[in-house]
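Colleague: I'm new to this one. Could you take me through the charged side chains in some detail?

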Amino acid sequence: MWLQVLGAVVGGIGAIKGGKAAKRSAYAKAAGMERRAGQERAKAQMRQNEEERQAELLESRARAVAGVSGTGLDSPGIISTIDGIRAEGAYRGLIALWNGEEEATGLESGAAISRMEGDAAKTAGTLNVTAS
C-alpha cells in the first residue's frame, strides 16, 4: 500500500515538473519566433528601401538617356516612362513590405500557439496528479 502511495507521489511530482518544463520550452520557442518576426519586418523594410533605390537609379538613367538623345525631359513619352518607373518602384516596395508583414504575422501566430501549448502542457501535468 505504501509503495503505491509513494509511486503515485513520485509520478505526480514528475508530471508537474514535466508540465512546467514543457511550458518553459514552449515559451522560449515563442520568444524566438517573435524575435524572428521583428527581423522579418526589418528585412522587409530594407527590401522596400532597395526597391525604391533601384527605381530612382532607373529613373536617373532614363533621364540621362533622354537628355543625350535630344528628347526633352518634358516630352509626354519621357514623363510617362518616368511615372511608370516610379509607380513600379513604389509597387515593388509595398510588395516587399507586405511579404515581410505576412511572414512576421505567421511567426507571431505560431508564437501564440506555442504559448497555448505550453500552458496546456502545464495544466495537463497538474491534472494528471489530481487524477491519479
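Modeller: Here is a look at the charged side chains, starting with the ground rules. This is a predicted model, where local features need pLDDT of at least 70, side-chain atom pairs count only at pLDDT 80 or more, and totals for chains, interfaces and linings use all residues. Residues are numbered from 1 along each chain as its sequence is written, and side-chain values use heavy atoms, with hydrogens and water left out.

Now the salt bridges (a side-chain nitrogen of Lys or Arg within 4 Å of a carboxyl oxygen of Asp or Glu): the count comes to 9. In one of them, Glu101 pairs with Arg41, and their closest N and O atoms are 2.8 Å apart. Glu101 sits in helix H2 (residues 76-131) and Arg41 in helix H1, so this pair ties together parts that are 60 residues apart in sequence. Helices here are DSSP runs of H or I with at least four residues, numbered from the N terminus.

Another charge, Arg115, lies over the face of Tyr27, 5.4 Å from the ring centre; the rule asks for CZ of Arg within 6 Å of the ring centre and within 35 degrees of the ring normal.

Conventions: Helices (H or I, at least four residues) and strands (E, at least two) are DSSP runs, numbered from the N terminus.
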